[in-house]
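Student: Can you walk me through this one? I've got a few quick questions.
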Amino acid sequence: MNELLVFICDGAPVRGEIVSISSAWQAVLERRTDPPAVRRILGDFVGAATLLSASLKFEGTLIIQAQSKGPIQLLVVECKSDLSMRATVKLSVNPAEIAPNATLGELLDATHTGRLVITLDPKDREPGQQPYQGIVALQEQHGAFIKPVTSAAEAIALYMQNSEQLDTRIWLSSNETHVGGLLLQRLPNSGGHAHLDPQISAEGWSRIQALGETITEEELLNLPPTTILRRLFLEESTENGVRSFPSRPIRFACSCSRTKVADVLRMLGDEEVQSILAEQGIVETICDFCAQPYRFDAVDCQQVFKTDLLSDATRPPSGGH
Ligand SMILES: [Zn+2]
């Protein structure tokens, strides 16, 4: 089960998605050594990223970043519009210090400084064009009272409230082997649902939400999307009809490469790289997302900076090194 199912309701202005990820999630985990509490949060965000990227209207990448001064310094999930995804976490403490039952608030918003950054990066971005980015705090402020976010689903909901005009509900669940998620989105009263009376449309949205609320973590983690859809909308499908599209596969894929590492070495500069070589005999780095090691010995490094000289000739002088 590594699939995402999109459905629409005929009798209500609602579009939905159900996601179920197993081996692609295990591929993320087997490259990492995060403690259980961190894995659960990462899994929920993996589910969220796939759900959100499936509604992208362009080819590109959706990136969810959670940043904080707490034990989780940075969490990143990237999902492309072809539903290939990768994920990583950077901790600021020894993993052994993280309690198995630590909450999202404790790990990502310990000092009420946590925030969620969601970036939509189109593949065919014009040079100089910035990707779209939305930022939301991981806590709600009601006067002097601060209410920390307690789950990834709640964090995503806050982001949606702040950035999207469409009402969206999201349910997420994850364990050591599976990630499951459900997304419901209220569509504007136009297009295919223009015929719906506003009141019927509002009732439809509350009815579908109420059905969504009956989903259990157990179902999200264990059932294939088509079964979940049938169970949730049993009545809906006989009365009004729920139509689903062919499910789309989700896979783990990392976009790191030796060429990209060489670019980073060029950014570090010849001097810095030479000092690493002098100290360690080799420049070695490991991809944060897939744990692929990259090694550059003295000859490789020479090659890296030879290419730099060539490309520098075509670049205007920047006054760098
Ligand atoms: Zn990688």
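Student: How do the axes of helix α2 and helix α4 cross?
Tutor: In this predicted model, the axes of α2 (residues 36-53) and α4 (residues 152-163) cross at roughly 40 degrees and come within 9 Å. Since angles under 35 degrees count as roughly parallel and 65 to 115 as roughly perpendicular, that makes α2 oblique to α4.

Student: And is the crossing left-handed or right-handed?
Tutor: Right-handed, as α2 passes α4.

Student: Which residues make the contact?
Tutor: From α2 you have Ile 41, Asp 44, Phe 45 and Ala 48, and α4 brings Ala 152, Ala 153 and Ile 156. By class, the contact of α2 with α4 has 6 nonpolar residues, 1 charged and no polar.

Student: Switching topic, what does the domain assignment give for the chain?
Tutor: Domain 1 covers 2-252 and domain 2 covers 258-312. Taken over C-alpha atoms, their centres are separated by 37 Å.

Student: How many residues does the contact take from each domain?
Tutor: There are 4 residues from domain 1 and 4 residues from domain 2. On the side of domain 1 that touches domain 2, the classes are 2 charged, 1 polar and 1 nonpolar.

Student: What does the pLDDT average over the protein chain?
Tutor: The average is 89, and 91% of the residues score at least 70.

Student: Which elements have the lowest and the highest mean pLDDT?
Tutor: Helix α8 (residues 234-239) has the lowest, at 60, while strand β14 (residues 251-252) has the highest, at 98.

Student: And where does pLDDT stay under 50?
Tutor: Over residues 312-321, where the model has 1 contact beyond four places in sequence.

Note on methods:
Residues numbered from 1 in each chain as written. Predicted model: local features only at pLDDT ≥ 70, side-chain atom pairs only at ≥ 80, totals over all residues. Axes fitted to C-alpha atoms, helices over the stretch in contact; angles between N-to-C directions. Helix = DSSP H or I, 4+ residues; strand = E, 2+ residues; numbered from the N terminus. Parallel < 35°, antiparallel > 145°, perpendicular 65-115°, else oblique. Left-handed = near helix turned anticlockwise from the far one by under 90°. Contact = placed C-beta atoms within 7 Å. Nonpolar A, V, L, I, M, F, W, Y, C, P; charged D, E, K, R; others polar. Domains from an automatic or database assignment. pLDDT = per-residue confidence, 0-100.
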